[in-house]
Amino acid sequence: MSLIAYNVPTSETPAESIENNGFWPSLDPQDYRAAERVDGSITDARVAMALRVAMADINRQLADWQQDRQASGSSTITDVEAPGWMPPDSYPLLYRRAVYATATASLMERYRDHSATGEGDERGEAKDLAADDYRRDARWAVSEILGKAHTTVELI
């Protein structure tokens, strides 16, 4: 038995880069698709929306850090000197990881299987767990940028 997919949208022209706030890098939807293995069943419009929402979320989380760096004379993230133990391009890489992981988590939550069977429900739950893993990856990337530990534990 084989599966033939039909009416899967494909894009004739590559999606345009998504401009950021000038400090953080612009995002390339094609790079996102390749990095996160997002296939053509998710439209360019949905990918762009997920990336824009994720970008706004991560930019908000890093707003104070960005403001501190700009006050120190860095006009873009590439002007920020990474600590000696980090490779030079780590901040843009971690930023993309945070945004890509947040966008992927959002898309996974919205693209649960449509099957009404128990098997479809189980696959949906597995996608929810995977979305949680992506959200964790995003939190860790933000923590790395901020120079904080990945986990905070407090005694009650």
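**Notebook: aromatic rings**

I looked up two tryptophans and found that Trp24 is buried, as is Trp65. Buried means under 20% relative accessible area, with exposed over 50% and partly exposed in between (1.4 Å probe, protein chains only).

I noted that this is a predicted model, where local features need pLDDT of at least 70 and side-chain atom pairs count only at pLDDT 80 or more, while totals for chains, interfaces and linings use all residues. Residues are numbered from 1 along each chain as its sequence is written, and side-chain values use heavy atoms, with hydrogens and water left out.

Next I listed ring pairs. Rings of Phe, Tyr and Trp (its six-membered ring) pair if their centres lie within 6.5 Å; planes under 30 degrees apart count as stacked, over 60 as edge-to-face and the rest as tilted. By this rule I have six aromatic pairs. Trp24 lies in the segment before helix 1 (29–36) and Trp65 in helix 3 (residues 63–71), 41 residues apart. Helices are DSSP runs (H or I, at least four residues), numbered from the N terminus.

I then checked Tyr32 and Tyr100, an edge-to-face pair with 5.2 Å centre to centre and 75 degrees between the planes. Tyr32 is in helix 1 and Tyr100 in helix 4 (residues 90–110), 68 residues apart. Tyr32 is buried at a relative accessible area of 0%, and Tyr100 is buried at 4%.

Last, I recorded a cluster in which ring pairs link Phe23, Trp24, Trp65, Tyr91 and Tyr95.

Methods:
Helices (H or I, at least four residues) and strands (E, at least two) are DSSP runs, numbered from the N terminus.
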